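Hello,

Here is the structure we talked about. Please open it alongside these notes.

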Amino acid sequence: MSFTAKDTKVYREDEKAGHKNLGVKDREKLVQLEPKPKPKLVFEFNSYHAVSLRILSILKHHHNTPDYIRRDVSTLKRLPKHVSVILTLEDGGRAGDALEKLANEASEVAAWCASAGIPRLSIYERTGILKRYMPQTHRALAHKLKAWFGKRQAPRLSVSSRGASTIHSANREYLSNDQTPLDVVLISEEDGREAMVDLTKVLVQMVQKEKITAADITTDVLDNELSEAVMQEPDLLLSFEPYVDLQGYPPWPIRLTEIYCAPDNEGVGYQVFLRGLRKYTEATFKLGK
């Protein structure tokens with residue numbers, strides 16, 4: 001039997017009075033009304049994973065040092081050449097620092113990829129705000145890489161998006177080094193729907209002008225054209241939500257992509273990134289005929 005509204009009111013009045021309104025037996029009676037919580041196995045199981053992930057994040061923190069990440073990935077048999085991540089604009093951008101936080105998350109992931117020697121990173125954010133602020137996004141990423149590697153040792157960086165000119169890091173800022181260049185592609189929800197609509201219009205016009213026939217439009221043609229217009233298919237897609245939430249991610253480039261998320265994860269974290277790389281290493285890819 002649990003507290004009623006009347007019991008709660010009586011208890012609060014007694015507390016305000018310095019516990020002078022109720023006698024000892026009356027207070028004991030109220031306490032006995034509160035049921036003992038029953039253990040919830042699912043909750044405890046999920047909590048264990050969340051705590052475990054948090055402990056690993058503390059014990060294996062990269063300390064903003066590329067060498068730590070290189071050590072973490074050195075035992076992996078293979079690494080993806082193209083990693084894609086899904087990031088979320090907090091509160092739909094209503095919070096004053098939402099864009100700054102988003103740019104910082106994108107910069108962190110870029111630093112992890114550069115440290116691991118992964119040459120391509122695509123960043124999906126549904127609204128496209130990173131694309132609209134592409135120069136600022138490039139500056140944030142470049143600043144993070146310099147902070148991690150040093151101004152003269154940071155890898156060369158390029159940032160691109162559909163319909164916009166690619167932004168390259170100025171060559172004079174870098175000495176010749178062995179760091180793998182990092183290509184970052186910014187994508188959003190419109191790169192799925194609108195890209196396919198635009199391609200369809202172009203192909204229809206070409207058929208009408210008899211430059212190609214309808215039989216020439218194959219799956220391979222569509223795949224090649226979309227890859228050229230937006231991006232090539234990623235090897236690994238990471239969601240930092242506790243479940244796979246594609247949030248409108250373009251479906252055509254992830255037919256053979258390994259997708260990873262960590263249950264009970266909260267926020268963009270290095271351990272999810274590292275676990276995703278390990279998952280990719282263990283994955284077996286079987287192509288159909």
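Which residues form one aromatic cluster? They are W112, Y270 and F273. Rings of Phe, Tyr and Trp (its six-membered ring) pair if their centres lie within 6.5 Å.

A word on the source. This is a predicted model, where local features need pLDDT of at least 70, side-chain atom pairs count only at pLDDT 80 or more, and totals for chains, interfaces and linings use all residues. Numbering runs from 1 along each chain as its sequence is written, and side-chain values use heavy atoms, without hydrogens and water.

Aromatics: the whole structure holds four aromatic pairs. Y124 and Y249 make a tilted one, 5.1 Å centre to centre with 50° between the planes (stacked is under 30 degrees, edge-to-face over 60, tilted the rest). Y124 sits in strand 2 and Y249 in the loop between strand 6 and strand 7, 125 residues apart. Both Y124 and Y249 are buried (under 20% relative accessible area; exposed is over 50%, partly exposed in between; 1.4 Å probe, protein chains only).

Helix 4 (residues 66-73) buries P66, I69, D72 and V73. Those buried residues fall within an arc of 120° seen down the axis, so they line one face (the arc is that of the directions from the helix axis to the C-beta atoms). D67 and R71 are exposed on the other side. Helices (H or I, at least four residues) and strands (E, at least two) are DSSP runs, numbered from the N terminus.

Helix 10 is among the elements covering the buried residues of helix 4 (contact: heavy atoms within 4.5 Å). Buried residues of helix 10 include Y270, F273 and Y280.

Best wishes
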